[in-house]
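Subject: The structure I promised you

Hi,

Here is the structure we talked about, with my notes below it. Have a look at it first, then read on.

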Amino acid sequence: MSDGRDRTPGERVDVCVIGAGPAGALVAHTLAERGHEVVVLEAGARFDFEDRLERMERSIRPAHDPLSVWEMGGDRDAYASTGERFYPLNRARVKGVGGSTLHWQGMVMRLHESDFETRSRYGVAADWPIDYDDLRPYYTRAETALGVAGASDNPFAPPREEPYPMPAFEPSYSDSLFAEACERLGITMHSVPNARNAESYDGDSPCVGYGTCKPVCPSGAKYDATRTIEDARAAGARVLDRVPVQRLEHDRSGETVEAAVYATPDGETHRQEARQFVLACGGVETPRLLLLSRSEAYPDGLANSSGLVGRYFMDHLFVGTGGLLAERTRQNHVGFITSESHQFYDDPTEGTEGTEGGIPPADADRSAFAPLKLEFLNYAGPSPVEMALESEFWGDDLLGSLREAYGNSIAMGGLVGQRPRKGNFVDLDPSRTDDHGNPVPRVHWQVDGVTRRTIRRANEIQAAILSDLGAEITWQVGPEATGPAFHHMGTTRMGRDPETSVVTPRTRTHDLDNLWVAGSSVFVTSGAMNPTLTLAALALRTADYVDGTL
């Protein structure tokens with residue numbers, strides 16, 4: 001059904017950006033601000049900011065499907081999953097202007113120098129064709145663009161020159177409980193950079209603590225890419241929503257892309273021509289679009305002469321341990337994390353020396369482990385709403401039971417990285433199509449032995465900290481119960497050799513001169529840091545290179 005918006009194509013523009021998430025938004029804003037004619041094509045809708053309170057209320061009511069908060073589901077968003085683990089793809093996606101940042105948690109860390117050099121340092125996986133210093137100035141630009149609150153108190157972080165745009169959030173009460181145990185065990189805690197406003201920033205209000213950061217921030221204090229898209233529009237970019245791109249068409253020689261073919265809500269199909277094209281559709285839809293764009297010149301998919309489009313799919317695995325304390329912990333009062341420890345990131349085998357004996361070293365070589373980071377959660381235990389709904393009591397008796405049972409939960413989380421493996425991939429499902437008749441994405445995913453070993457190591461450290469606190473450990477998310485963090489990486493990996501990679505170190509495809517990829521799909525390794533700051537830095541870098549061609 002048409003909503004009256006003009007979605008017809010313009011004349012041949014300088015740049016066509018496909019995807020209005022953080023990567024696409026940053027590319028579009030950068031290039032529009034420099035005077036280039038930019039069109040952004042977004043498959044999903046443009047959501048009104050005024051609706052966010054209603055979306056928050058929907059998210060906390062148990063009767064609602066979580067996917068309904070951002071209107072995911074149905075044939076448009078269908079997918080398939082094969083392999084060892086079922087991959088619940090739609091739990092990670094928002095199709096709309098703003099993309100995944102509409103419902104992300106908002107933590108933004110830089111990758112470590114070691115993440116770019118895992119082959120050179122440890123003899124495993126592969127090195128990136130760029131290093132940390134190549135991204136260093138772009139990390140600074142990305143922190144400014146996203147509005148990051150942070151502090152330089154992390155002794156394990158890579159080097160940086162500039163202070164964060166805003167001061168870090170203060171540690172929570174439960175952070176202070178963890179700090180006592182960590183001091184005894186010789187573990188260093190530090191603050192977490194967050195893309196949310198610790199104070200008023202660029203006209204947006206500071207965080208007011210709704211606590212529903214994931215899946216929706218009603219105040220707008222947490223960064224989402226709609227901010228950057230609006231800046232791009234103000235600079236002259238044209239943004240079309242609800243226009244899923246069906247395929248890319250190239251010239252006769254197969255050397256350049258000529259047009260993006262997209263559908264509109266009224267059933268029409270149009271071609272948007274451009275001099276340069278930037279794919280910013282995420283780690284699943286980017287390879288899917290390339291595979292859907294196969295032709296006589298590219299029978300296995302556009303830009304896929306290597307056969308690696310969709311291959312080396314990576315995610316981070318969640319690891320957690322929780323329990324109960326005989327005192328109030330005040331957890332479950334904010335929806336984001338204020339303290340972490342990256343002490344075991346570069347070498348999970350290391351032990352610590354503390355007054356209570358510390359953490360013993362792992363009985364294995366460093367190359368047998370993936371990176372891991374530890375999170376000190378500010379939220380744990382059941383929701384009081386869920387407890388009330390399941391209770392047998394009413395009135396004052398219900399209130400008394402909630403006061404007695406709620407508030408003494410405590411938990412740690414963490415992320416463990418996956419190594420790039422060709423057997424983890426995204427391709428096209430041969431048996432199911434979307435609402436336009438295109439094969440849906442199919443995710444083939446498994447968790448390897450290195451990841452399992454690292455998860456067990458993280459569980460050991462978490463259990464030691466909670467035990468030192470005197471907590472009764474009641475649950476643990478370990479190798480058999482873990483799930484994805486929904487950080488899609490690696491499906492159009494970068495490299496110098498066109499036979500072993502999809503894009504160049506500048507993120508232009510090897511096969512086509514005017515087709516670029518912006519986002520985490522170009523990652524060579526995953527690290528264990530939330531990927532948004534790195535994909536933002538890479539997007540800004542891509543924009544500079546595209547600018548140089550115009």
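Before anything else, one term: a residue counts as buried when its relative accessible area is under 20%, and as exposed when that area is over 50%, with partly exposed in between. Also keep in mind that this is a predicted model.

You'll find A195 in the loop between β6 (190-191) and α6. What does A195 touch, leaving aside its neighbours within four places in sequence? The contacts are W104, G106, V108, L146, G147, V148, A221, K222 and Y223. As for R508, A195 is 313 residues from it in sequence, and their C-alpha atoms are 28 Å apart in space.

A142 is another one to click on. This residue sits in helix α4 (residues 132-146), and its relative accessible area is 0%, so A142 is buried. Not counting residues up to four places away in sequence, A142 is in contact with L533, A536, A537 and L540. F156 is 14 residues from A142 in sequence, yet the two are 20 Å apart, C-alpha to C-alpha.

Now zoom out. The protein has 11 helices and 19 strands. For 550 residues, a compact globule would have a radius of gyration near 24 Å, and the protein has 23 Å, so the two agree. Along the principal axes, the C-alpha atoms fill a box of roughly 70 × 55 × 45 Å. Of the 550 residues, 59% count as buried. If you take contacts between residues at least 6 apart in sequence, 74% of them join residues at least 24 apart.

In α2 (residues 52-60), the residues R52, R55, M56 and R58 are buried. Looking down the axis of α2, these buried residues fall within an arc of 160 degrees, so they line one face of the helix. Their packing partner is α6 (226-234).

Then there is α9 (residues 395-405), where the buried residues are L398, S401 and L402. Down the axis of α9 they fall within an arc of 100 degrees, so they too line one face of their helix. The buried residues of α9 pack against α8 (384-390). On the other side of α9, D396, D397, R403 and E404 are exposed. After α9 comes G407, which has a positive phi near 115 degrees.

Most residues other than glycine have a negative phi. Which values do we get for R242 and A303? R242 has a positive phi near 55 degrees, and A303 has a positive phi of about 60 degrees. Both are in loops: R242 lies between β7 (238-240) and β8 (245-250), while A303 is between α7 (282-292) and β11 (316-318). Buried or exposed, or something in between? R242 has 28% relative accessibility, so it counts as partly exposed. A303, at 2%, counts as buried.

Cheers

Technical notes:
Residues numbered from 1 in each chain as written. Predicted model: local features only at pLDDT ≥ 70, side-chain atom pairs only at ≥ 80, totals over all residues. Heavy atoms only, no water. Helix = DSSP H or I, 4+ residues; strand = E, 2+ residues; numbered from the N terminus. Rg over C-alpha atoms; globule rule 2.2 N^0.38 Å. Buried < 20%, exposed > 50% of the residue type's maximum accessible area, 1.4 Å probe, protein only. Contact = heavy atoms within 4.5 Å. Arc of directions from axis to C-beta.
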